[in-house]
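Here is my note on this model. Please read it with the coordinates open.

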Amino acid sequence: MEVIPGGRSLERPLPWAAPRRALPRRVRPIQDETVPSYLRRMAIANHLPERIIREALGLRRGHRHPPLEVLATLAGLPAKSLLYALPDMRTGRTYPDLALHGRSIAGRPNEERLACRLCMAEKAVLTQVHCWMRHDQNVCLHHQIWIGPGDNEGRPQLSLIRLPEVVLAQRHHQRLIRLHGRDAIRIAFEEALVLHIDWLEHPLYAQRRHERFGNALGADWRVRQGGAVFNAVGYPEAVGLASVLVLPRWRAPTASRSASDFSDFCAAIREVAPHYAPRGGRDPLLHWLEDRARSSENSWNRLSETT
């Protein structure tokens with residue numbers, strides 16, 4: 001039988017002998033931890049193969065979500081605590097009795113990433129912990145550690161002590177969310193991540209990036225595209241560009257591709273990247289602006305047809 005918070009239950013016979021008591025060592029989940037990460041830590045703490053834990057929960061290969069009641073029994077924790085901590089356990093169901101507004105969800109647009117190793121060490125957790133992280137969770141501000149996208153290429157998590165502009169970008173990212181809302185910034189930031197790699201192909205920007213690579217890795221640095229260092233070094237410009245792309249004037253321009261709009265848009269970009277110079281028809285930022293203008297015009301036309 002699986003218990004659902006709020007007093008309801010689902011009578012469903014389990015196809016295996018479910019555990020009747022908790023493991024000897026109780027392991028509390030980290031907030032927003034993935035279920036596979038949590039099960040792995042339970043196995044390590046109790047000196048068991050992870051396979052044994054999964055078998056006890058009735059999990060077959062490729063399955064992520066054990067029955068809530070069974071996991072609660074094995075963990076020795078209340079089912080409600082597991083639902084609050086583990087987004088995977090809430091997938092596909094609604095829980096009106098739980099205060100879940102604003103909590104991370106499992107899956108897109110969130111990503112599985114490693115939690116800050118120093119934060120985990122403070123909790124006496126010395127193994128890797130994978131959590132569901134939002135687009136604005138890229139820097140541990142407490143320890144100045146990069147926890148954003150990209151693998152660590154066999155290195156420890158990247159320290160940002162010598163990259164203070166990346167730490168400031170995280171603070172800027174959070175301010176933008178307070179000003180414009182999480183969803184609006186997520187869309188603008190995702191667009192900026194795609195655009196800024198191309199439109200900042202400029203010697204001045206390349207020099208700035210190379211300086212950051214050197215600060216992060218030393219004189220003999222090597223960086224692979226898509227790695228943690230690569231993503232961290234471009235983060236300040238991506239956040240700066242998102243701060244422009246999120247503005248209502250550019251998302252739904254009222255003047256369709258006018259000369260003044262074009263000039264003002266370029267000026268706004270130069271506040272983020274002073275060296276920016278439009279490259280005519282090949283410039284992806286101008287394509288973005290034209291797409292917004294067309295979308296605005298089409299929306300206006302559809303509205304006019306219905307009024």
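1. Terms first. A nonpolar core is a set of buried Ala, Val, Leu, Ile, Met, Phe, Trp, Tyr and Cys residues joined through side-chain atoms within 4.5 Å. Buried means under 20% relative accessible area, exposed over 50%, and partly exposed in between (1.4 Å probe, protein chains only). The model is predicted: local features need pLDDT of at least 70, side-chain atom pairs count only at pLDDT 80 or more, and totals for chains, interfaces and linings use all residues. Residues are numbered from 1 along each chain as its sequence is written, and side-chain values use heavy atoms, with hydrogens and water left out.

2. Main core. The largest nonpolar core has 40 residues. Those with the most contacts inside it are Trp146, Leu160, Tyr235, Leu245, Phe265 and Leu285. Two or more residues each come from α6 (164-180), α7 (182-199), α9 (228-245), α11 (259-272) and α12 (284-305). Helices (H or I, at least four residues) and strands (E, at least two) are DSSP runs, numbered from the N terminus. Helix α9 gives the largest share, 12 residues.

3. Second core. A separate core of 25 residues includes Tyr38, Ala43, Leu82 and Leu83.

4. Trp146. What is Trp146 in contact with, leaving aside neighbours within four places in sequence? Its partners are Asn138, Val139, Gln157, Leu158, Leu160, Val166, Ala228, Asn231, Ala232 and Tyr235. Contact means heavy atoms within 4.5 Å.

5. Glu165. This residue lies in helix α6. Glu165 is partly exposed, at 25% relative accessible area. Not counting residues up to four places away in sequence, Glu165 touches Arg212 and Pro236. Glu165 and Pro236 are 71 residues apart along the chain, yet their C-alpha atoms are separated by 6.6 Å.

6. Arg41. Is Arg41 buried or exposed? Arg41 is buried, with a relative accessible area of 7%. Helix α1 (residues 35-45) holds Arg41. Beyond four places in sequence, Arg41 touches Val27, Arg28, Pro29, Ile30, Glu33, Val125, Thr127, Gln128 and Val129.

7. The largest pocket has a volume of about 380 Å³. Of its 20 lining residues, the closest to the centre are Ala115, Cys119, Met133, Gln137 and Ile147. Elements giving two or more lining residues are α5 (117-122), β4 (130-133), β5 (139-140) and α6. A pocket here is an open set of points on a 1 Å grid over the protein atoms alone, where a 1.4 Å probe fits, with protein on both sides within 12 Å along at least five of seven lines; lining residues have an atom within 4 Å of a point. Grid points are joined across faces, edges and corners, and the volume is the space filled by probe spheres set on the points.
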